[in-house]
Amino acid sequence: MNAYTPQHAGAAVRLPPSNVDMERALLGSLLLNNRTMDVVAPLVKAEDFTEEVHRRIFEVSASLIAAGRAATPLTLIDFLGDHDLGQGMSTRYYLARLAAHEAAPLSARSFAIAVHDLAVRRRMIEAAAELIEQAHDLPVTVRPSQVAGEAVETLFKLASEDGARSTRRDAHVSASTVLGSIRQAMAGEVPDRTVSTGFADLDRATGGYQGGSLWNLGARPAVGKSAFAVSSANRVARRGWGVMLFSLEISEPQVMARLLADITYSANDPITYSDILRAQVKANVLNESQLEKLNHARELLAKRPLVLDVASRLSPGEIRMRVRAERQRMAARGVDLKLIFIDYLKQVSASDRYKGNRVQEIGEISYSLKQIAKDEDVCVVLLCQLNRELEKREDKRPTLADLRDSGDLEADADVVAFLHREAHHIQASEAFKANDPAALSRFLDVQNDAELIIGKNRAGPTVTVKLWCNMASSTMSDHARG
C-alpha cells in the first residue's frame, strides 16, 4: 500500500458549477427591459458568466445602457458581429433566442445573485486546486504557513465578493443612520467607543485609534518606535480594549522586558528593561522590592487583553489569519480586538508577485494591511524605518519625503507620524562624544523629550505632539508627566 493515495483517485471528474440556462434568462431580461440593468449591475459582473458569448453580450449591453442607448438584439449585432456560434446557430439568431427568455425584474435579481454565487464557487475551486498544487510542489525555502496565509487571503476576498449586495447605500439612508447615531450619543444612549492612544494630545489631534484605519509610524533606528508601541499598547489594553502586538524583530524576552519596565516605572525607583533582561541570566541585578513590583506588573497584565505574537517573519495573509483567530478568542471573553501593532515593516514578507522589486512589494504589503484594518474593523499601526539621508541634514525632524522605498506607505495610510528625539541625535554627535559642555548640557535638558510629528492626518490637523519619555525604561507618556 502506498504511503499516500489520493481519495479521489479513479473518481469521476466533476464539472465546475454553472447554470447556462439561468445566464440566458438573465440576459434575455436585460435585452427586453434595459431598466433591469439598474437591478442587476451591482450584483453580477461580465466575468461571472461561464460562456464567452454571454460575457460579451453583458459587457456590450452594459456599455450601451450606460451611454443612454438601447441594448437590443438589433443594436448589439453591430458590436458583436454576426458569427457562427456552432450547431448551425448565428449570433443574430442566438440574440433573438435570448430575448425569448424574458424574466420579471424580481426574477432577474435572483438570477443575477445565483450567477454571481456560482462564479464565486468556481473561483473557490480554482483557489483550492492551486493550493493543492502548491502544497505538492512547495520549495524548501517557503514555509507552509505562508502559502496557507495567501490561500486564506484569496478565499477571504472571494467571500467578500458579494459586497455589492451589502455595501450599496442610498446617500439619504446613510445620512439618516449617521444622524441617528449622533442623537443617540448626545442622549447618552450609546457607550463611548473611542479607542484612546493613551496620549491625550495625540487623541485630540487624531480622534484616537479608529477602526479601519492604517497608521504608519516612522523613525530612525533607536529613536523609540518600539517604546511608543509598547507604551501605547499597554495603555489601550489597560482600558479594556483588545490589543495584538506583532513583535517581528524584537524577541519575546526583550518585548516583555519593555512591557514590564513600562508598567513598573516610577521616578523614584525605575527598573530599566536592560536590567530585567540581565536579571534573567545573572543574579543580584534586581532586589526583592523590584522583583515584587515586577510580579505585580505580571498580575496586571493577566487582567489586560494584550497578546503578543513573536514570529520572526509573516506575510499579510498570515497576519490576517492570526488577527481573525485572536479576534474570535477575545470575543468569546467579551473583548473587542481594536488595535494591531506591527513592529516592523521590514519583517513583513510580500508574495512572489513582485519579487525583487521592493517598491512594489511594499505597495502590496501596505495595501494588504489597509484591507485588514477595514475588513476586521481594527486600527493597524505599522512601524517603519526612515531614510538615513535625514541624518545628514541640520534639521533632523522627519518629513513625508523620508519614508523609505514606497510612496504607497503615505498614500494608503490614514495617519503618518514620525517619532523624533533631539537627545538621540545629540548623543550621536561628535560634540557629545568629545564631552563638549554645551552638548552635554543640551542633552540633559532634552533627554526626556520626544516629538510625534504628524505628517498626514485624514481626521484632523498635521501638528507636532510633545511626549515625555524614559528610554531606559521604555516608557512614554503625556509631556505633562515630566
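Buried means under 20% relative accessible area, exposed means over 50%, and partly exposed is in between (1.4 Å probe, protein chains only). I'm working from a predicted model, where local features need pLDDT of at least 70 and side-chain atom pairs count only at pLDDT 80 or more, while totals for chains, interfaces and linings use all residues. Residues are numbered from 1 along each chain as its sequence is written, and side-chain values use heavy atoms, with hydrogens and water left out.

**Entry 1: salt bridges**

I asked for side-chain nitrogens of Lys or Arg within 4 Å of a carboxyl oxygen of Asp or Glu, which is what a salt bridge is here. The count came to 24. Side chains of opposite charge can pair when their charged atoms come close.

I looked up Arg-123 and Asp-48, whose side chains meet at 2.6 Å, N to O. Arg-123 sits in helix 6 (residues 105-136) and Asp-48 in the loop between helix 2 (36-40) and helix 3, so this pair ties together parts 75 residues apart in sequence. Helices here are DSSP runs (H or I, at least four residues), as are strands (E, at least two), numbered from the N terminus. Arg-123 counts as buried at 19% relative accessibility, and Asp-48 is buried at 0%.

**Entry 2: helix 15 to helix 16**

I then checked Arg-320, which forms a salt bridge with Asp-375, the closest N and O atoms being 3.2 Å apart. Arg-320 is in helix 15 (residues 316-332) and Asp-375 in helix 16 (residues 358-376), so two parts of the chain 55 residues apart are linked. Arg-320 is buried at 1%, whereas Asp-375 is partly exposed at 33%.

I found another such link in Arg-324 and Glu-376, with the closest N and O atoms 2.8 Å apart. Arg-324 lies in helix 15 and Glu-376 in helix 16, so that pair ties together parts 52 residues apart in sequence. Here Arg-324 is partly exposed at 34%, while Glu-376 counts as buried at 1%. Through shared partners, salt bridges join Arg-320, Arg-324, Arg-327, Asp-375 and Glu-376 into one network.

**Entry 3: helix 4**

Which residues of helix 4 (residues 73-80) are buried? I noted Leu-76, Ile-77 and Leu-80. An α-helix has 3.6 residues a turn, so residues three or four places apart point the same way. Leu-74 and Asp-78 are exposed on the other side of helix 4. I see its buried residues packing against helix 1 (20-32), helix 3 (52-66) and helix 5 (91-99), with contact meaning heavy atoms within 4.5 Å. Gly-81 follows helix 4 and has a positive phi, near 80 degrees.

**Entry 4: cavities**

I took a cavity as a set of points, on a 1 Å grid over the protein atoms alone, where a 1.4 Å probe fits but cannot get out; lining residues have an atom within 4 Å of a point. Two cavities of 30 Å³ or more turned up.

The largest cavity has a volume of about 50 Å³, the volume being the space filled by probe spheres set on the points. I listed its lining, which includes Ser-226, Arg-258 and Asp-343. Helix 11 (225-238), strand 2 (242-247) and helix 12 (252-263) each supply at least two lining residues, and helix 11 gives the largest share, three.

The second largest cavity holds about 30 Å³ of space. Among the residues lining it I noted Arg-220, Lys-396, His-420 and His-425.

Conventions
On a 1 Å grid over the protein atoms alone, a cavity is a set of points where a 1.4 Å probe fits but cannot get out, and a pocket is an open set with protein on both sides within 12 Å along at least five of seven lines; lining residues have an atom within 4 Å of a point.
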